[in-house]
Amino acid sequence: MVGVEHFGVAVVGSGFGGSASAFRFADAGLSVCVLERGKAYAPGDFPRSPRDMAANFWDPSKGLHGMFDVWSFRGIDAVVSSGLGGGSLIYANVLLRKDEHWFVHEQPLGTGYEHWPISRADLDPHYDRVEAMLDAQRYPFDRPPYADTPKTRALREAAGQLGLGWQLPKLAVSFAGAGAHPGDPLPEAPYPNIHGRRRSTCRLVGECDIGCNVGAKNTLDHTYLSAAAARGAQVRTGCEVRHFAPLPGGGFRVDYVEHDPAREGEPKATGKLPLRTLTADRLVLAAGALGTPYLLLRNRRSFPGLGPALGTRFCGNGDLLGFMIGTRTPDGAVRHLDASRGPVITSTIRVPDEVDGGSGRGYYLQDAGYPQFVNWLLEASQAPGSVRRAARFVLHRLWATVSRTPRSDIGAALSDLLGDASLSSSSMPLLGMGRDVPDGVMRLRRNYLNIEWTTATSQSYFDAVRSSMQDIARVLGGQLRDNPTYRLKRVVTVHPLGGAPMGRHVGEGVVDGYGESFAYPGLFVADGAAMPGPVGPNPALTIAAFADRMAERILERAEVAGTSSLEPRHRTQEMPVPATTPTSLEFTEDMKGFAAPGATDHAVGFDEGRQQGHACMFHLTIRIADVDAFLQDPTHEAIAEGWVEYGPLGGRLPVVRGIFHLFVEEDDPARRRMLYRLFLVGPDGDAFTLNGYKDIHDDPGFDVWRDTSTLYTQLLRGHVGPLEEDGADVLASGVLHILKRDFARQMTTFRTEGPTAQARARALSDFGRLFLGELWRLYGPKLGGAGARR
């Protein structure tokens with residue numbers, strides 16, 4: 001028995017979802033612990049020198065504990081943040097609500113469909129609450145000095161010429177009021193700032209994306225987290241969660257390591273860090289759309305019932321970066337955009353979706369700024385011109401020395417040396433984002449996160465975004481240059497979404513519309529991973545509103561149940577600490593038979609399929625991540641991986657997600673079923689489902705072999721969950737069998753993994769006892785009676 005800290009709520013991650021929910025819980029009196037892997041960054045702490053910027057990346061295995069965490073996958077790179085305040089440290093402050101009609105329902109995709117189980121009306125009151133907490137305000141473009149922002153004027157002008165909708169979105173930035181000046185001190189908030197440093201209003205220096213050193217950004221550390229800490233929440237930095245698991249009596253165990261700031265820069269130091277443990281009644285995962293699915297996939301052995309949607313619905317929110325260069329006015333003069341003046345984003349253009357009067361999938365286009373030092377880099381990149389100007393300056397000074405000219409002022413010569421800076425002043429990045437296709441799949445590969453995603457299925461969307469960018473560049477007298485990676489069919493996203501999507505049932509989502517796991521009450525996903533598709537506009541506001549709604553639901557339920565259920569006190573409890581590594585088991589299964597296209601009756605489909613030569617078969621590996629949890633689960637759910645082969649649907653089809661249930665109880669106590677639900681993808685990207693069952697019951701004759709080796713199966717169009725079968729399109733029906741030679745081979749494929757040989761042996765024994773025990777329960781009475789008669 002050891003002493004373990006216990007909280008009402010443990011929150012993993014301090015981004016928009018984690019911070020918003022942590023504040024609501026702390027404000028209601030719950031004991032809250034926020035675990036953030038990154039460091040705290042107070043105003044003035046963000047690196048600026050080349051040396052410090054080079055170390056400002058996250059890779060603890062190399063001794064790097066910086067802010068930027070860059071992931072690279074097939075077809076897409078992602079840039080996310082590590083630090084107290086999560087993505088708010090590096091985002092561009094935009095707070096836009098998801099368009100009402102973009103909460104689509106069952107919109108067909110290449111693999112299934114996009115469905116949002118929540119609506120704009122559900123989120124609107126929470127949008128209001130988040131905007132108030134972040135002091136959202138529009139860029140004050142109607143008064144000086146903010147009116148002198150050329151990039152804002154240019155985008156407004158382009159939108160007007162192209163007939164597109166333009167607006168100033170709300171920003172989480174504090175601007176100077178009328179009569180005040182940029183950089184003036186901000187008044188104190190009604191709660192102490194978590195950093196204990198003063199902040200000032202926006203100085204218009206375009207550094208939002210690399211960390212605001214004056215504190216003008218209303219980031220989550222200055223707002224939600226400061227308010228939560230003032231209400232008693234424990235906010236811990238440098239704490240990286242590694243494992244978590246449900247506890248037998250309810251609640252969750254969380255294991256994490258602490259990164260020691262004194263050891264930053266030491267490669268591979270993290271491997272030596274000891275695990276620390278806490279427990280909580282509720283566990284909120286808010287580690288981001290990469291971090292949360294990664295943690296769930298790594299800990300799936302402890303949560304085998306999460307369902308087939310884990311790792312699905314990934315997208316990059318349609319992010320596309322373009323560069324507008326060389327803009328000119330109608331009379332041919334350089335059009336000065338001065339992209340480094342102002343916050344990173346000041347205005348946006350909206351292009352409607354087909355669901356609200358447009359064509360294709362909708363998107364937003366936004367002006368983009370950058371820090372002043374980028375201007376110097378741009379000018380330095382023009383090497384030939386710089387060299388010519390430098391040579392001219394040197395020759396001028398040599399001639400002045402030789403000729404002993406009396407002229408001593410050299411301002412004009414220095415001005416010529418610097419040049420007219422036309423490249424940097426006439427260039428500006430354009431940001432596109434919107435409704436790309438959320439068909440990416442996240443998996444583990446050698447314990448690393450792997451994402452299969454491609455621009456191909458979203459190509460028409462990206463073509464439209466790029467075309468609009470070209471139009472904007474054209475009317476402003478410039479040219480569009482693609483991000484170099486786009487030519488390699490790769491995009492860069494700063495808004496990854498999905499991986500643990502919400503849905504209507506466990507076959508469609510990992511969590512429900514309130515972010516709670518279908519299979520594990522008290523486990524919540526509160527970040528971008530819960531989005532079942534692209535948000536469209538910048539997703540920060542929607543994520544925070546979703547988390548606020550989730551927290552309100554939890555508090556309402558707790559209030560109905562009684563105040564004692566809030567568990568307001570932080571305590572240390574005595575509890576046994578279980579092994580952190582569960583024991584797993586797997587085996588393979590091959591089944592073969594026939595199915596006829598168009599048939600809806602299994603027996604008819606088998607006979608007609610055999611006559612027509614339409615063989616159907618599968619090869620599956622059944623994986624039980626945690627044998628103990630599997631035995632306790634009344635549905636005995638496991639993961640099925642492998643392939644199905646059926647000619648009429650295109651041959652061999654991979655199982656992208658599969659669920660297997662062993663001995664599910666029926667209304668008849670003398671009957672059990674083994675259930676198979678395999679989500680398949682065809683060669684053209686079409687989605688199919690193999691749905692099958694084995695009917696285990698005792699009828700005349702010794703039929704235990706027939707029952708356990710006969711699968712009644714149907715092939716359905718789309719990825720069909722258990723609640724959708726009634727209206728599903730049945731493509732084929734038939735029957736599959738286990739051949740005796742395949743069964744003999746199957747008996748040699750059982751494998752276990754666990755912390756000790758004893759644990760592995762026990763897991764195999766317990767599984768066998770369950771299997772044989774259920775068979776004896778169903779067929780034993782007949783066998784016993786027969787033996788008695790003998």
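# Working chat on a predicted model

A: In this predicted model, the accessible surface of the chain comes to about 33300 Å². Carbon and sulfur atoms account for 54% of that surface.

Q: OK, and how many of the residues in the chain are buried, as a percentage?
A: Of the 790 residues in the chain, 55% are buried.

Q: What does the secondary structure come to?
A: The chain has 17 helices and 35 strands.

Q: What share of the contacts with a separation of 6 or more is between residues 24 or more positions apart?
A: That share is 72% in this chain.

Q: Let's pick a helix. Which residues of helix 13 are buried?
A: Helix 13 covers residues 602-612, and its buried residues are H602, G605, F606 and G609.

Q: Where do they sit around the axis?
A: They span an arc of only 100° around the axis, so they are on the same side of helix 13.

Q: What do the buried residues of helix 13 pack against?
A: They pack against four strands: strand 27 (584-597), strand 32 (687-697), strand 33 (710-717) and strand 34 (730-737).

Q: Take V735. Which strand is it in?
A: V735 is in strand 34.

Q: Is V735 buried or exposed?
A: V735 has a relative accessible area of 7%. Buried means under 20%, so V735 is buried.

Q: What is V735 in contact with, leaving aside its neighbours within four places in sequence?
A: Its contacts include H602, A603 and F606. H602 and F606 are also buried residues of helix 13. V735 is in contact with G593 and F594 too, and with T710, L711, Y712 and T713.

Q: And how far is the C-alpha atom of V735 from that of G605?
A: The two C-alpha atoms are separated by 7.5 Å, while the residues are 130 apart along the chain.

Q: Switching to helix 6. Which of its residues are buried?
A: The buried ones are A289, L290, G291, T292, P293, Y294, L295, L296 and L297. Helix 6 runs over residues 288-298, and nine of its eleven residues are buried, so the rest of the structure largely encloses this helix.

Q: Which residues line the second largest cavity?
A: The lining is made of Y41, P43, F46, L89, G211, C212, G215, K217, T219, D221 and H222. Five of these residues are nonpolar, four are polar and two are charged.

Q: Back to the backbone. Is the peptide bond from P144 to P145 cis or trans?
A: That bond is cis, with omega near 0°. P145 is in the loop between strand 10 (137-138) and helix 4 (150-162).

Q: What is phi of L204?
A: Phi of L204 is near 65°, a positive value in a residue other than glycine. L204 is in the loop between strand 12 (170-171) and helix 5 (224-230), and is buried at 6% relative accessibility.

Q: And phi of H636?
A: Phi of H636 is near 45°, which is positive, and H636 is not a glycine. H636 is in the loop between helix 14 (627-632) and strand 29 (637-646). At 7% relative accessibility, H636 is buried.

How values were computed: Residues are numbered from 1 along each chain as its sequence is written. This is a predicted model: local features need pLDDT of at least 70, side-chain atom pairs count only at pLDDT 80 or more; totals for chains, interfaces and linings use all residues. Side-chain values use heavy atoms; hydrogens and water are left out. On a 1 Å grid over the protein atoms alone, a cavity is a set of points where a 1.4 Å probe fits but cannot get out, and a pocket is an open set with protein on both sides within 12 Å along at least five of seven lines; lining residues have an atom within 4 Å of a point. Ala, Val, Leu, Ile, Met, Phe, Trp, Tyr, Cys and Pro count as nonpolar, Asp, Glu, Lys and Arg as charged, and the others, Gly among them, as polar. Helices (H or I, at least four residues) and strands (E, at least two) are DSSP runs, numbered from the N terminus. Buried means under 20% relative accessible area, exposed over 50%, partly exposed in between (1.4 Å probe, protein chains only). Contact means heavy atoms within 4.5 Å. Accessible areas come from the Shrake-Rupley method with a 1.4 Å probe; for residues, only the protein chains shown count as cover. The arc is that of the directions from the helix axis to the C-beta atoms.
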